[in-house]
Amino acid sequence: MRRLVCLFLAVVTLCGCSAAEVPAEQCASGVTYEIFVRSFQDSDGDGVGDLAGVTDRLDYIASLGVSRIWLTPIFPSPSYHKYDVTDYRAVDSSLGTTDDLTALVAACGEKGIGVLLDLPLNHTSREHPWFQAACKALREGTDSPYIAWYVFTQGSGQHPVEGTDWFYEGQFGDHMPDLNLDNPEVRSEIAGILTYWQGLGVKGFRLDAVTSYYTGAAGKCADFLRFVTENVKRTDPNAYVVGEAWADEATILNLYASGIDSLFNFPAADQEGRLLKSALKGSGALAAQTLADWNARVRAASPASQDAPFLTNHDMGRSAGVLRGDLTREKIAASLYLLLPGAPTVYYGEELGMTGSGRDENKRLPMLWSAEDASCQCLPPPDADQAQRLTSGADAQDADEGSLLNHYRALIALRRTLPELADGVMTPVDAGSDAVACWQAESAGKRVLIAVNASAEETVSVTLPEWAGAEQAGSAAGASWDGRAATLPPAGCLALRPASGGAGT
Ligand code: CA
């Protein structure tokens with residue numbers, strides 16, 4: 001099986017992935033791969049992962065079948081995580097140079113992978129020259145246009161400007177002063193930043209902390225999201241913009257009114273979200289119902305948008321820990337979200353079952369390329385206080401047909417044969433088993449049926465009368481179809497297409 005997967009991937013690589021060249025039976029997976037850059041791959045021996053290191057690992061990334069990589073912030077910043085920026089038009093020297101980025105973008109382009117930059121626009125670093133100029137002017141009682149770039153108040157406020165009676169807003173702390181996004185000069189600067197990176201070949205952005213743009217004013221946040229999205233699309237209609245709204249369903253749906261491509265599906269993520277809960281409890285049918293309901297609500301709020309499901313990200317305890325390191329349950333979780341309509345996002349190392357919880361640094365531990373050979377591994381982020389508990393690295397899993405890594409590859413390879421999953425209307429299907437997540441995705445008059453067994457213990461057989469005679473479009477983890485009934489081992493998944501002109505149409 002692994003040989004088949006490799007052959008398939010080799011063919012994909014040889015063919016390239018631009019729209020004109022992809023054979024009809026293959027399409028972009030639409031899957032995004034989130035990379036915490038300093039923990040992925042070091043290229044120059046200082047132990048800090050960097051952009052050239054990502055380029056070095058591009059064959060691995062391409063072997064996953066993803067369409068995009070999301071790089072956590074690469075701009076100059078005093079912090080290790082770099083979500084507080086001091087220059088939006090440069091690359092932090094610890095991660096490389098702008099030339100390294102353009103080299104990565106070019107190498108990705110050859111493999112049909114787009115690069116997304118993570119853009120924190122709610123706030124800058126306290127050390128950003130704009131903020132420094134504003135504070136200097138306030139201290140000296142002089143004028144500066146940069147005072148109006150932030151949110152200063154006199155007499156009282158959130159964080160004091162030392163040596164003055166001025167205060168500034170900083171929702172994420174005094175080291176991250178909030179920008180005044182109403183200021184036309186700030187908006188013009190932001191538009192220029194977007195154009196600058198798009199001019200270097202960047203294919204889109206992940207927007208940080210979008211619910212904080214205007215504290216407590218969702219409508220204004222949506223207006224600003226529309227401003228960013230429209231600017232990005234003006235330069236490149238095919239660019240992709242996804243926002244981080246770590247919020248409840250109603251808030252996220254309100255933000256979809258901006259027309260943004262995607263907002264991460266936070267309600268279904270993390271240890272309390274439906275995906276991991278269903279993987280843990282074997283409640284597949286409930287997952288299909290919940291996700292289909294969400295898909296419909298997103299579609300109603302913004303017809304051209306796509307849901308962006310994920311298990312966990314760099315701010316959450318890793319899914320392997322939530323699933324108690326149970327390989328079968330990790331495979332179930334992957335099966336449940338990687339074949340959903342929309343644009344799923346994989347957090348680096350999740351495909352291996354990497355661990356990490358507690359303080360943020362632990363959630364961002366070095367990519368485990370090899371458990372035997374530490375020489376290819378980055379240093380952990382400063383202040384990480386957990387070691388990696390996973391004992392099987394990418395090298396060992398690559399060679400193991402039954403590994404989590406090869407399950408991810410098989411699912412995403414299957415996804416590449418099912419274009420209906422890009423923008424399909426999702427309808428739950430009752431397969432007669434609480435364990436089985438079953439749904440139909442329909443797009444442009446074409447339909448595909450997905451069935452996933454979320455039980456970690458039982459093989460489940462289900463009959464699907466309305467799909468009798470349908471053709472098996474693909475499967476993973478040993479699922480099979482006899483034309484009438486599906487046999488689904490734990491984590492098994494099956495994709496069916498209506499027989500041409502026959503049943504199920
Ligand atoms: Ca380095």
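Visitor: What makes up the lining of the second largest pocket, by class?
Guide: In this predicted model, the lining of the second largest pocket divides by class into six nonpolar, six polar and six charged residues. The pocket has a volume of about 350 Å³, and among its 18 lining residues Tyr83, Phe172, Asp208, Glu244 and Asp315 lie nearest the centre.

Visitor: Why is serine 443 called buried?
Guide: Serine 443 has a relative accessible area of 16%, and buried means under 20%, so serine 443 is placed in the buried class. Serine 443 lies in strand 12, which covers residues 436-443, and, with residues up to four places away in sequence not counted, serine 443 touches Glu420, Asp423 and Gly424.

Visitor: How do you know that aspartate 178 is buried?
Guide: The relative accessibility of aspartate 178 is 2%, and the cut-off for buried is under 20%, so aspartate 178 counts as buried. Aspartate 178 sits in the loop between strand 6 (166-168) and helix 6 (184-199).

Visitor: Which residues does aspartate 178 touch, and what is said of glutamine 171?
Guide: Leaving out residues up to four places away in sequence, aspartate 178 touches Asn122, His123, Trp149, Tyr150, Val151, Glu169, Gly170, Gln171 and Ser212. For tryptophan 149, which is 29 residues apart from aspartate 178 along the chain, the C-alpha atoms of the two are separated by 8.9 Å. The backbone nitrogen of glutamine 171 lies 3.2 Å from a polar atom of the aspartate 178 side chain, and a polar contact requires a pair of N or O atoms within 3.5 Å.

Visitor: What makes Asp42 and Val48 donors of the calcium ion?
Guide: For calcium, a donor is an N, O or S atom within 3.2 Å of the metal, and the ion is coordinated at 2.3 to 2.4 Å by Asp42 (OD), Asp44 (OD), Asp46 (OD), Val48 (O) and Asp50 (OD). Along the chain these donors follow the spacing D-x1-D-x1-D-x1-V-x1-D, and both valine 48 and aspartate 50 are buried.

Visitor: Why does leucine 64 count as buried?
Guide: Leucine 64 has 3% relative accessibility, whereas buried is defined as under 20%, so leucine 64 counts as buried. Leucine 64 is found in helix 3 (residues 58-64) and touches Tyr33, Glu351, Leu405, Arg409 and Ile412, when residues up to four places away in sequence are not counted. Leucine 64 and histidine 407 are 343 residues apart in sequence, yet their C-alpha atoms are 9.9 Å apart in space.

Visitor: Why is lysine 82 counted as buried, and what is its phi?
Guide: The relative accessibility of lysine 82 is 8%, and under 20% is the condition for buried, so lysine 82 counts as buried. Its phi is near 70 degrees, a positive value in a residue other than glycine, and lysine 82 has its place in the loop between strand 2 (68-71) and helix 4 (98-110).

Methods. Residues numbered from 1 in each chain as written. Predicted model: local features only at pLDDT ≥ 70, side-chain atom pairs only at ≥ 80, totals over all residues. Heavy atoms only, no water. 1 Å grid on protein atoms, 1.4 Å probe; cavity = no way out; pocket = protein on both sides within 12 Å on 5 of 7 lines; lining within 4 Å. Points joined across faces, edges and corners; volume = space filled by probe spheres on them. Nonpolar A, V, L, I, M, F, W, Y, C, P; charged D, E, K, R; others polar. Helix = DSSP H or I, 4+ residues; strand = E, 2+ residues; numbered from the N terminus. Buried < 20%, exposed > 50% of the residue type's maximum accessible area, 1.4 Å probe, protein only. Contact = heavy atoms within 4.5 Å. Polar contact = N/O pair within 3.5 Å; in protein donor to acceptor, adjacent residues only side chain to side chain. Donors = N, O, S within 2.8 Å, 3.2 Å for Na, K, Ca; no water.
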